Amino acid sequence: MSGPHPLNQAVIAQALHDLRNGQLRRCRSMGFGDSDLDALKHPEMVSLLANARVSWCTVQVNREVLQRLLRQADDIEAEIATIDRMLRVGASTEMITRYFGLTHQEIALRRDILGLPKRRGRHPVLTEEQDVTLWQQWRPALRQRDIALNDDKAMLGLAMELAESLDLPMSVIWATIRSWVDQGLV
């Protein structure tokens, strides 16, 4: 003879946990009715259900929730790729913290994983020539893509591209762009 069905035990454990925490709605969403929930208040009934050798419950996949979770995983992967790209093109720790919420320790770990050198201090400011070149590339790209000045995600994407194409640190490009916006030059 085989022992208790493991699915039954898992469902009972979850239902008891939810009952203790007052989550009746969650118990009902699992398929328990009011009389079933009343039965779970009696230890002998819980034992009978948990030790049943046949399964009295089934598993059903909620495809909508499953798809949403899988999209979240894709979003997380894309976010990590963006953070790594930003670090490679010279984004500052403060930028990563502000826009992605990573701690200084997490950023240092990402830098180590990517094999990036440790930096101390600030990047140098742009030369006048670099400033002019950046303006000449940033302004048309901003118009062409119709990026709003308060759309940080799109602005960060453009700043990354400019950092790569101009071979300048992203933190310097970002600071320059933000100062132009703050001064109302755009």
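This is a predicted model: local features need pLDDT of at least 70, side-chain atom pairs count only at pLDDT 80 or more; totals for chains, interfaces and linings use all residues.
Trainee: Which residues have the most contacts inside the largest nonpolar core?
Mentor: A nonpolar core is a set of buried Ala, Val, Leu, Ile, Met, Phe, Trp, Tyr and Cys residues joined through side-chain atoms within 4.5 Å. Buried means under 20% relative accessible area, exposed over 50%, and partly exposed in between, with a 1.4 Å probe and protein chains only. The largest such core has 31 residues, and those with the most contacts inside it are W138 and M170.

Trainee: Which helix supplies the largest share of this core?
Mentor: Helices are DSSP runs (H or I, at least four residues), numbered from the N terminus. Helix 5 (63–88), helix 6 (93–100), helix 8 (128–144), helix 9 (152–166) and helix 10 (170–182) each supply at least two residues of this core. The largest share is 8 residues, and it comes from helix 9.

Trainee: Which residues does W138 touch, not counting residues up to four places away in sequence?
Mentor: Contact means heavy atoms within 4.5 Å. At 0% relative accessibility, W138 counts as buried. In general, nonpolar side chains in soluble globular proteins tend to be buried together. With residues up to four places away in sequence not counted, W138 touches L149, M155, L158, L162, I177, W180, V181 and V186.

Trainee: How are the rings of W135 and W138 arranged: stacked, edge-to-face or tilted?
Mentor: Rings of Phe, Tyr and Trp (its six-membered ring) pair if their centres lie within 6.5 Å; planes under 30 degrees apart count as stacked, over 60 as edge-to-face and the rest as tilted. A search of the whole structure finds 5 aromatic pairs. W135 and W138 are 3 residues apart in helix 8, so about one helical turn separates them. Their ring centres are 5.8 Å apart with 55° between the planes, and the pair is tilted.

Trainee: Why is the pair of W135 and W180 classed as it is?
Mentor: W135 is partly exposed at 29% relative accessibility, whereas W180 is buried at 6%. The pair links distant parts of the chain, with W135 in helix 8 and W180 in helix 10, 45 residues apart. Because the ring centres are 4.9 Å apart and the planes are at 85°, the pair is edge-to-face.

Trainee: Which residues form one aromatic cluster?
Mentor: W135 pairs with W138, and W135 also pairs with W180. The cluster consists of W135, W138 and W180.

Trainee: With which residue does R26 form a salt bridge?
Mentor: A salt bridge is a side-chain nitrogen of Lys or Arg within 4 Å of a carboxyl oxygen of Asp or Glu. R26 lies in helix 2 (residues 24–29) and is partly exposed, with a relative accessible area of 42%. Leaving aside its neighbours within four places in sequence, R26 is in contact with Q14 and D18. The closest N and O atoms of the salt bridge are 3.2 Å apart, and the partner of R26 is D18.

Trainee: How many residues apart are E164 and R85?
Mentor: E164 forms a salt bridge with R85, the closest N and O atoms being 2.8 Å apart. E164 is partly exposed at 41% relative accessible area, and R85 is partly exposed at 29%. The pair links helix 9, where E164 lies, to helix 5, where R85 lies, and the separation is 79 residues.

Trainee: Which helices hold D152 and R178?
Mentor: D152 forms a salt bridge with R178, the closest N and O atoms being 3.9 Å apart. The pair ties together parts that are 26 residues apart in sequence, because D152 lies in helix 9 and R178 in helix 10.

Trainee: How much accessible area do V61, L66 and L70 have together?
Mentor: Nonpolar patches join side chains of Val, Leu, Ile, Met, Phe, Trp and Tyr within 5 Å, using residues with over 30% relative accessible area and no salt bridge. Accessible areas come from the Shrake-Rupley method with a 1.4 Å probe. L66 lies in helix 5 and is partly exposed, with a relative accessible area of 34%. V61, L66 and L70 form a nonpolar patch on the surface, and their accessible area together is about 250 Å².

Methods:
Residues are numbered from 1 along each chain as its sequence is written. Side-chain values use heavy atoms; hydrogens and water are left out. Patches are made of residues with over 30% relative accessible area and no salt bridge: like charges are joined within 9 Å, nonpolar side chains (Val, Leu, Ile, Met, Phe, Trp, Tyr) within 5 Å.
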